[in-house]
Amino acid sequence: MDQVTDKIDTECSTSITVAEGKKEFKTSSGIPLKRIYTSEDMKDWDEKKALGLPAEYPYTRGVYPTMYRGQIWTKRLLMGHQTPEVWNKRQKELIQGGQTGINFIPCCNTFFRGYDSDEVDKELVGTCGTTIDSLQDVEICYDGIHLDQVTSALNDPNPCTMLAMYCGLAERQGIPLWKLQGTCNQTDSISHWIACQQMIRFPLEGHLRCLVDLAKFCTENMPRWHPLSVVGQHMGEGGATPVQELGFALSSALFYVSEFIKAGLDVDSFAPRISFFFNVRSDFFEEVAKFRACRRMWANIMKERFGAKKSESWRCRFHVQTTGVELSQKQPINNIARSSLQTLAAVFSGAQSIHTDSYDEALWTPTPESQRIALMTQNIIAEETGVTGVVDPLGGSYFIESLTDAVEDKAWNIIKTVDQMGGMLEAVRKGYPQNEIGKSAIERQKKIDSGERTWVGVNKYTAPVGEERWPPQVKVDPEAIDRQIERTRRLRKERNQQEAGEALRMLYYVTESGQGNIFEAMVGAFKANCTHGEVIGELRKVFSFGRPPTIY
Amino acid sequence: MNKIRVLLAKIGQDSHDQGIKVVAAGLRDAGMEVIYTGLWQKTAAVVKAAMEEDVDVIGISSLSYEHLLVPRLLNELRGKGSNIAVIVGGVIPPDEAQVIKDAGVAEVFPPGSSIDSIVKYVRKIVTEQKPSKDLEAATS
């Protein structure tokens, strides 16, 4: 009865309070939300210290002075399915549709695991990502695409075999290595150890040694390449809250910077080439706060903790991927709305590059049609909405600034805890991040199951029975996979065996003895037409096979 | 009291295991005995483990098309004379869900399935499978 009275009263007068729908309002990381934020919340707030201007320390408002007024974020949709021929065709279609950066995903079931296409169950080959067994496959992928005219984000875990092939291809295309631009965005092996073990080829120590060699190689030869992108995204997809994602990713970054310094590199020689890769979920304002806090924290860490002198070393630049865990298999078309809003949050956060999920990703690997919608979503946000006209448009809001501070406080607490455990590597060995993230994943599921957290079309507003519609799927063509396998086998048979054998022996020698650079030796092996499985196999002889502990 | 025993497995090369870990915790909270194999299992190894551990149900998680290996797993399982029920969860195209059901998979749980729906289903098939077994756990 009370509720009815309230409702009628509100329609007549604005002075009557309506009962709030929930006892407490909280962000997805558990930060309590007040009903309204006012200047009272900002009493101790120092604008200059907390924000600065864009491109000024502490970079809260953005890393470039003009941001999207000067250049739209890089539209970088992750793509990979079936064979190199398919990748080439689809990539060209994406570029034509406005894609401005390449985001290459090789086959999860072969490449990520360190095998060639004929080494795993055929049913799995090319289902998620494109088959890449050798330099000739990368050459087919980039047929008609010149490496000095694109930036490529390679989903290329340590030891970065794909970049090694890419370097070989640059030579074939007559392009010097210093002109290559892009990122190895899967070299944060700690993140894989925690939450995306797909990309584990060796024990963690082996991965880290490869990363240090890559960082050295890039520092000397590839000044425009980012050898390390610290990944919060895997943790986010594994269940981490936005605050956990931020805290653990920065803890990982702290570890890597220390390792590079220990390896003899000057902090300012590599820090400007470190980037980040984060998830964006649907808790809109908390995500924006997360990214703003991240920039401020990274600037502080680099300047105060590591004593970096160059302002480029203080800038946190990041790629964002809209989340997969919130996409629904039910009423999949609704995912367009989810991905659009998440993309908008990334834009309000000042992201450098963005991948927008396709609406069918909870069903299968996206089709060209569904991916086109995701790309056009970015085009619409970039060119129709007007949101790109002002840098950090939410900055200065009582609420956003308060939330940015709150997210930052909580993330520092995580970093402090990890520091006390002896740093991120030790924390991971103890299972700390794995356990914390696991708890959040279970918590989230419970909230969905109980209905406390709405999932439209799944636990609320479900479609009537029989009214679900499935969009069209593009299946892997088994004959194309046969041709891929045949191509790889022919390469192994017809190449100069002496050259290939010597290159593999050299790779083994470098890895086993610690004399020389593993990455450089891999480039030699791929140029000699060794296959991906052979190269990883050689490294596994020294490092052995990696199997992270199962923690849940 | 005989607890319901469930073997959860990741087969093939995929490593997306947030889902299976959440399911493992959910089944455990519901009073079941859960064995999780960890990643990258071969179908033959899953069959062997399931029979040695004398489980009531095998649950397979799929994200990058490992469900296509499940018919092979079923063949191996039935070939050894076992009638353990196999359920599959994860990202599975609806037409392929039908294919593996036709091959003998008892049920497919898509993303968004509630833990409760999985718990209820497991209890139901165990009840149907083993009417003589002590069902205190199943009905508690």
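What follows is a walk through a sheet, some backbone details and a few salt bridges. Please keep in mind that this is a predicted model.

**The sheet in chain A**

In general, the strands of a sheet pair through backbone hydrogen bonds, and the pairing can be parallel or antiparallel.

Let us zoom in on one pair of neighbours. Strand β8 (residues 274–280) of chain A runs parallel to strand β9 (residues 318–322) of chain A, and five bridges join the two. One residue to look for is F276(A), whose bridge partner in β9(A) is F318(A).

**Backbone details in the loops**

The bond from Y57(A) to P58(A) is cis, with omega near 0°, and P58(A) lies in the loop between α2 (47–50) and β1 of chain A. Another cis peptide bond joins N158(A) and P159(A), with omega about 15°. Here P159(A) sits in the loop between β4 (151–154) and α5 (161–173) of chain A.

Positive phi values turn up as well. N529(A), a residue other than glycine, has a phi near 65°; look for N529(A) in the loop between α19 (518–527) and α20 (532–543) of chain A. In chain B, W40(B) has a positive phi of about 65° although it is not a glycine. The loop between β2 (33–36) and α2 (43–52) of chain B holds W40(B). Is W40(B) buried or exposed? W40(B) counts as buried, because its relative accessibility is 10% and the cut-off for buried is under 20%.

**Salt bridges**

How many salt bridges are there over all chains? The count comes to 41. The table shows some of them.

| Side chains | N to O distance |
|---|---|
| K26(A) and E24(A) | 3.6 Å |
| R61(A) and D392(A) | 2.8 Å |
| D95(B) and K475(A) | 2.8 Å |

The salt bridge between R61(A) and D392(A) links distant parts of the chain, 331 residues apart. R61(A) is in the loop between α2 and β1 of chain A, and D392(A) is in the loop between α13 (368–383) and α14 (398–420) of chain A. R61(A) counts as buried at 18% relative accessibility, and D392(A) counts as buried at 7%.

Finally, turn to the salt bridge of D95(B) and K475(A). D95(B) lies in helix α4 (residues 94–102) of chain B and K475(A) in the loop between α16 (432–450) and α17 (478–494) of chain A, so this pair joins two chains. D95(B) is partly exposed at 39% relative accessibility, and K475(A) is partly exposed at 35%. Elsewhere, salt bridges that share partners join R61(A), R292(A), D392(A) and E401(A) into one network.

Key. Residues numbered from 1 in each chain as written. Chains lettered and ligands numbered in written order. Predicted model: local features only at pLDDT ≥ 70, side-chain atom pairs only at ≥ 80, totals over all residues. Heavy atoms only, no water. Pairing = 2+ DSSP bridges. Helix = DSSP H or I, 4+ residues; strand = E, 2+ residues; numbered from the N terminus. Buried < 20%, exposed > 50% of the residue type's maximum accessible area, 1.4 Å probe, protein only. Salt bridge = Lys/Arg side-chain N within 4 Å of Asp/Glu carboxyl O.
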